[in-house]
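User: I'm new to reading protein models and I get lost quickly. Could you pick one loop, look at it closely, and then walk me out from there into the parts around it?

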Amino acid sequence: MGSEGRAWNGAAGSSGHGGGGGGVEAKAITAALSAAEVPRMAVSVDISLPLPEMSPDIIYLCKQLVIGWCKIDSSRFSIETVSGGITNLLLKVSVKEDDGNESAVTVRLYGPNTDLVIDRKRELKAIPYLSAAGFGAQLLGIFGNGVVQSFIYARTLSPADMRDPKIAAEIAKELHKFHQVDIPGSKQPQLWNDIFKFLKKAAALKFEDNEQQKRYEKISFREIQDEVQELKDLLDTMHAPVVYAHNDLLSGNLMLNDLEGKLYFIDFEYGSYSYRGYDIANHFNEYAGLDCDYNLYPDKDAQYNFFRNYLRPDRPSEAQDMEVLYVETNTFRLASHIYWALWALIQAKVSPIDFDYLGYFFLRYGEYKKQREPCFSLAQSFLSKPRNV
């Protein structure tokens, strides 16, 4: 349920539009850069400026950071907004080459206050390794408040696309590969650390608007604290595998080039080492789409189709593995609701975008409470079974 996506729709992402378009990738930027090779500049761009006033700075950055562009005359550059808000402003920067062809990159500008919900250091550390492994847009450069990346020529998926069995199978296979990527550094899962950080921030807010403050005061943070701790204790007993997780695999962060059949994962702002079941459950929760219709959460058959492709069909203990993953995923389903509910409270205070983030908190926390009993029962029943040694 990514940052920009929630900003616009509350339940689906437009951050995925950061790579969209059509054509072929620029010849000058096809070589993958290692983490050490990615050029960096300390320069920042004022995101509050109108695009015409911002453009000279954007062109300067691209000349410095994109290989082969430093000597191109500024008159041959064109800039257009791909998607925009305050959370992220995504720009397509194109240049006309000598042969008349066009090359393009994406410039992603971070909005204010995003450090409250996104660990930028963690994100920027991971992107080069994910890019080198074939995920997302290629990272071309880093600057003070954003990044330059290759332009992905593909369409953004819809929630209905994600529910298509064939596309779901491809997402599952790609997610399995994603979870194999090794990001140097600590491999400790960050889910609970992030949730408790969000909880601490969310519990200390004060709204200037009286109606917002009244709604906010109806929230029992002691209850949420107890719920989070009980859920953590239950999930800890499962010893779920820890992987490098996307953590925000909504439709807007999935792109498909239909001609090539190439699926892309994009926007790794919330990526971290986490639990495989959480990443899958969070993806399943996004089946709810723009209307937050959680009746669209996949049934067991649809989930098993996904798991089969995620686990690979040649595994000898497939049935047992799928049961484990089913229980794991459908318990972590609750953690996803808690995470984004608390996220929404922080956004309600700091985001300048006109969206009912408080209402979104109550929607996600209400869904958590609705699903709590069946999910807890599923996990406890599974854990009480004798296990084969």
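Analyst: Asp267 lies in the loop between β9 and β10 (helices are DSSP runs of H or I with at least four residues, strands are runs of E with at least two, and both are numbered from the N terminus). Keep in mind that this is a predicted model, where local features need pLDDT of at least 70 and side-chain atom pairs count only at pLDDT 80 or more, while totals for chains, interfaces and linings use all residues. Residues are numbered from 1 along each chain as its sequence is written, and side-chain values use heavy atoms, with hydrogens and water left out.

His239 sits in the loop between α8 (221-236) and β7 (242-245). Is His239 buried or exposed? It is exposed, because its relative accessible area is 68%.

Back to our loop, and now the rings. The structure holds 29 aromatic pairs. Take Phe178 and Phe265: their ring centres are 5.8 Å apart and their planes are at 50°, so this pair is tilted. The pair links distant parts of the chain, since Phe178 is in helix α5 (residues 165-178) and Phe265 is in strand β9 (residues 262-265), 87 residues apart. Phe178 also forms a tilted aromatic pair with Phe268, at 5.8 Å centre to centre and 40° between the planes. Phe268 is in the loop between β9 and β10 (272-275) and Phe178 is in helix α5, so this pair ties together parts that are 90 residues apart in sequence. Rings of Phe, Tyr and Trp (its six-membered ring) pair if their centres lie within 6.5 Å, and planes under 30 degrees apart count as stacked, over 60 as edge-to-face and the rest as tilted.

How well covered are these rings? Phe178 and Phe268 are both buried. Phe178 has a relative accessible area of 0%, and Phe265 counts as buried because its relative accessibility is 1%.

β9 belongs to an open sheet of 3 strands in the order β6-β8-β9, with antiparallel pairing (two strands pair if DSSP finds at least two bridges between them). β6 (155-156) and β9 stand at the edges with a single partner strand each, so one side of each has no neighbour in the sheet. Strand β8 (residues 254-257) and β9 run antiparallel and are joined by 4 bridges. One place to look is Leu256, whose bridge partner in β9 is Leu263.

So what lies over this sheet? Helix α5 lies across β8 and β9, running at about 50° to β9 (axes are lines fitted to C-alpha atoms, for helices over the stretch in contact, and angles run from 0 to 180 degrees between N-to-C directions). α5 also packs with helix α10 (residues 300-311), at an angle of about 40° and with the axes 7 Å apart. The crossing of α5 and α10 is right-handed. On the α5 side, the residues making this contact include Ala168, Ala172 and Leu175, and on the α10 side they include Phe306 and Tyr310. A crossing is right-handed if the near helix is turned clockwise from the far one by less than a right angle, and left-handed if anticlockwise; contact means heavy atoms within 4.5 Å.

Finally, zoom out. The protein chain has 12 helices and 10 strands, and buried residues make up 57% of its 389 residues. Among contacts in the chain between residues at least 6 apart in sequence, 73% join residues at least 24 apart.

Note on methods: Buried means under 20% relative accessible area, exposed over 50%, partly exposed in between (1.4 Å probe, protein chains only).
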